[in-house]
Amino acid sequence: MDVFEAMGTARAMRFFKPDPVPQELLDKVLWAATRASSPNNTQCWDFVVVTDAAVRKQLGDLFKPFADRVASMPVPDNAVDRRTLAGAKNLGENMGNFPCIIFVCGHNVYPPGAPRETFMYSAVYAASQNLVVAARALGLGAAFTTLHGVFEADIRRILRIPDDVFIGTTIPLGYPDGPTGPVSRRDVADVVHYDGW
Ligand SMILES: Cc1cc2nc3c(=O)[nH]c(=O)nc-3n(C[C@H](O)[C@H](O)[C@H](O)COP(=O)(O)O)c2cc1C
């Protein structure tokens, strides 16, 4: 699959088979993530990759109440939102059963002397998007999420994340257990302005 097809079909995948991600593929995905751009090439990121079953279970137990919260939400009118909600519920229910969860972490270091979190997140998000697209290119699925926000203190404790390190994204990764296909986005012509607005 070429890079354009991967970008065009890298849907947020929220359903995964239990099969482990081969280390060779995981290495490639992480390589791609670490090729992203960052402010002044600070590469102000670290990746906590969880594959150990016991650690996944601890994390999975944390996420379960999130599934209950999603289940209690009103059912949306349109099919896309219904699918997203079903996906969110599955993330909560099964996070611990997914073969791999990657936490893309950031260091708030740029610019030196007056660091701004926006710069840190720009790097973390660029790395996360590279990761998601690379996963798709390799036949894997991934979901770019910020779900750690709900249980951040517990996640930090379980994964021993240092106090001065931010968690930027939480990305479950594995073989997709759901349909893939083109992402739905606005037309290029609607958002591109040549030579002025
Ligand atoms: C900064 C950011 C945060 C996101 N957080 C979540 C999240 O917490 N949970 C989730 O299921 N998806 C999350 N997403 C994924 C988007 O909801 C998803 O990409 C978007 O709805 C488009 O769907 P698609 O990628 O399948 O086309 C996030 C995406 C971004 C860029």
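These are my notebook entries on a predicted model, one topic at a time.

**Entry 1: the nonpolar cores**

I started with the inside of the protein. As a general point, nonpolar side chains in soluble globular proteins tend to be buried together. Here the largest nonpolar core has 25 residues. I looked up which of them have the most contacts inside the core, and they are Val21, Leu26, Ile102, Leu131, Leu140 and Leu173.

Which elements each supply at least two residues of this core? I found helix H2 (23-33), strand E2 (100-107), helix H5 and strand E4 (165-174). H5 gives the most, with 7 residues.

I then picked Leu131 to follow up. Skipping its neighbours within four places in sequence, I listed Val29, Ala33, Ile102, Val104 and Ile171 as the residues that Leu131 contacts.

**Entry 2: H3 against H4**

Next I went to the helices. Two packed helices are described by the angle between their axes and the distance between the axes. For H3 (residues 53-71) and H4 (residues 79-94), I noted axes that come within 6 Å and cross at roughly 150°. An angle over 145 degrees counts as roughly antiparallel, so that is how H3 runs relative to H4.

I also wrote down who meets whom. On the H3 side there are Gly60, Phe63, Lys64, Phe66, Ala67, Val70 and Ala71. On the H4 side there are Leu85, Ala88, Lys89, Leu91, Gly92 and Glu93. Sorted by class, the residues of this contact are 8 nonpolar, 2 polar and 3 charged.

The loop between H3 and H4 holds Val75. Is Val75 buried or exposed? With a relative accessible area of 64%, Val75 is exposed, because the cut-off for exposed is over 50%. I also checked Val75 against Leu85: they are 10 residues apart along the chain, and their C-alpha atoms are separated by 8.2 Å.

**Entry 3: H3 against H6**

H3 packs with H6 as well, at an angle of about 170° and with the axes 10 Å apart. That makes this pair roughly antiparallel too. Val55, Gln58, Leu59, Leu62 and Phe63 from H3 meet Asp154, Ile155, Ile158 and Leu159 from H6. My tally by class for this contact reads 7 nonpolar, 1 polar and 1 charged.

**Entry 4: aromatic rings**

I counted ring pairs and got 7 aromatic pairs. One of them is Trp45 with Phe47, a tilted pair at 6.4 Å centre to centre with 55° between the planes. Trp45 is buried, at 8% relative accessibility.

Tyr125 and Phe144 make another tilted pair, with ring centres 5.6 Å apart and planes at 55°. This one links distant parts of the chain, 19 residues apart. Tyr125 sits in H5 (residues 117-137), while Phe144 is in the loop between strand E3 (141-142) and helix H6 (152-159). Tyr125 is partly exposed at 35%, and Phe144 is partly exposed at 33%. Ring pairs also join Tyr121, Tyr125, Phe144 and Phe166 into a cluster.

**Entry 5: two buried residues**

His148 lies in the loop between E3 and H6. Where does that leave its side, buried or exposed? His148 is buried, with a relative accessible area of 5%. Not counting residues up to four places away in sequence, His148 touches Phe103, Ile155, Ile167, Gly168, Thr169 and Thr170.

Thr9, in helix H1 (residues 3-9), is buried as well, at 12%. Beyond its neighbours within four places in sequence, Thr9 contacts Met1, Arg136, Gly181, Pro182 and Val183. I also looked up Thr9 and Asp19: they are 10 residues apart in sequence and 22 Å apart in space, C-alpha to C-alpha.

Most residues other than glycine have a negative phi, and most peptide bonds are trans. So I went looking for exceptions. The peptide bond from Tyr110 to Pro111 is cis, with omega near -5°. Pro111 lies in the loop between E2 and H5.

Asn40 has a positive phi, near 55°, and Gln43 has a positive phi near 50°. Asn40 is in the loop between H2 and strand E1 (45-50), and Gln43 is in the loop between H2 and E1. Asn40 is exposed at 63% relative accessibility, whereas Gln43 is partly exposed at 39%.

Conventions
Residues numbered from 1 in each chain as written. Predicted model: local features only at pLDDT ≥ 70, side-chain atom pairs only at ≥ 80, totals over all residues. Heavy atoms only, no water. Phe/Tyr/Trp six-rings, centres within 6.5 Å; stacked < 30°, edge-to-face > 60°. Buried < 20%, exposed > 50% of the residue type's maximum accessible area, 1.4 Å probe, protein only. Helix = DSSP H or I, 4+ residues; strand = E, 2+ residues; numbered from the N terminus. Core = buried A, V, L, I, M, F, W, Y, C linked by side-chain atoms within 4.5 Å. Contact = heavy atoms within 4.5 Å. Axes fitted to C-alpha atoms, helices over the stretch in contact; angles between N-to-C directions. Parallel < 35°, antiparallel > 145°, perpendicular 65-115°, else oblique. Nonpolar A, V, L, I, M, F, W, Y, C, P; charged D, E, K, R; others polar.
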